[in-house]
Every structure is written in C-alpha cells, then in structure tokens.
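I opened this structure to see how its chain is put together. I kept short notes on each thing I looked up.

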Amino acid sequence: MINTSDKEEYDAKDKAYYSAALSAWFTTKLERDKQLLSLSVTAIGLLVTLLKIGGVSTIRQAVLFGIAIFLFLITAITIILIFDRNAIHIEQILSQSEDQDKILGILDVEAVNYLRTQ
C-alpha cells in the first residue's frame, strides 16, 4: 500500500515536471517568434539597402523585391500580433479561463508559413 507521504512526494514531483515542461515549451515558442521577427525585420532592412545601393534594372527585379519586402512585412506584423495575443491568452489562463485562442493559433501558423515561402 502506498503511504500518504510517498503520494504527496510523487504529486509534488509531477507538478514540478509539468511546470518545467510548460516553461520550456513557452520559452521555445517565444524564442522562435522572436527569431522570426528579427529575421523579417533584418531582411526588410537588407532588401531596402540593396535597392538603394544597386537599384533595380528590370521590372522583374522590382516585382521580386516588392514581393519579398511585402511577405517579410506580413511576417513581422503577424509576429507582433502573436505577441499581443500571447499576453491576452496568458492573462486568460491566469484568470482561470483556459479556452484555446483560435486567432492565436491561426496567426502562429501563418507566421511560419510566410517565412517558409521566402
């Protein structure tokens, strides 16, 4: 038979493990979003610099530069919206309303998809 102190110790370890796993998951997701934002903003700066230095010689180049800047801009805006929704979602969790935020899920998927098209 399991005594009460062993069960309490097991429950405490289980809670600690869950807390550490949840913290690692949040850190990983937020770090990925920060990297996506940094990459997108840096790419926009690089593309604008290349346009100023070298210019464009064909309409095709102008269109490709425009599309690339637009997609990186969409990614950056999406990530900023994700950070905002993350804050709202965490506040909801802390207030015991643990419903999944559908908009946050869509934004997260879209940010990764835009970056993959680059």
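My entries below go from the whole chain to single residues.

**Entry: the model.** I noted that this is a predicted model.

**Entry: the whole chain.** I looked up the secondary structure and found three helices and zero strands. Read from the N terminus, the order is α-α-α. I then checked burial: 19% of the 118 residues count as buried. The chain exposes about 8900 Å², and carbon and sulfur atoms supply 65% of that area. I also looked at contacts with a separation of 6 or more, and 69% of them join residues 24 or more positions apart.

**Entry: helix α2.** I found α2 at residues 59-94. It has 36 residues and reaches 52 Å from its first C-alpha to its last, close to the 52 Å expected at 1.5 Å a residue. I listed its buried residues, among them F65, A68, L71 and F72. The list also includes the polar residues T75, T78, N86 and H89.

**Entry: the core.** Which residues form the largest nonpolar core? I found six: A43, I44, L47, F65, A68 and F72. Helices α1 (4-54) and α2 each supply at least two residues of this core. L47 is then in contact with F65, A68, I69 and F72.

**Entry: a surface patch.** I59, V63, L64 and I67 make a nonpolar surface patch of about 390 Å². V63 lies in α2. Its relative accessible area is 43%, so V63 is partly exposed.

**Entry: salt bridges.** How many salt bridges does the structure hold? I counted two. Side chains of opposite charge can pair when their charged atoms come close.

K34 and E31 are three residues apart in helix α1, so about one helical turn separates them. An α-helix has 3.6 residues a turn, so residues three or four places apart point the same way. I checked accessibility for both partners: K34 is partly exposed at 44%, and E31 is partly exposed at 37%.

In the other bridge, the side chains of R32 and D33 meet at 3.5 Å, N to O.

Note on methods: Residues are numbered from 1 along each chain as its sequence is written. This is a predicted model: local features need pLDDT of at least 70, side-chain atom pairs count only at pLDDT 80 or more; totals for chains, interfaces and linings use all residues. Side-chain values use heavy atoms; hydrogens and water are left out. Patches are made of residues with over 30% relative accessible area and no salt bridge: like charges are joined within 9 Å, nonpolar side chains (Val, Leu, Ile, Met, Phe, Trp, Tyr) within 5 Å. Accessible areas come from the Shrake-Rupley method with a 1.4 Å probe; for residues, only the protein chains shown count as cover. A salt bridge is a side-chain nitrogen of Lys or Arg within 4 Å of a carboxyl oxygen of Asp or Glu. Helices (H or I, at least four residues) and strands (E, at least two) are DSSP runs, numbered from the N terminus. Buried means under 20% relative accessible area, exposed over 50%, partly exposed in between (1.4 Å probe, protein chains only). The expected span of a helix is 1.5 Å times one less than its number of residues. A nonpolar core is a set of buried Ala, Val, Leu, Ile, Met, Phe, Trp, Tyr and Cys residues joined through side-chain atoms within 4.5 Å. Contact means heavy atoms within 4.5 Å.
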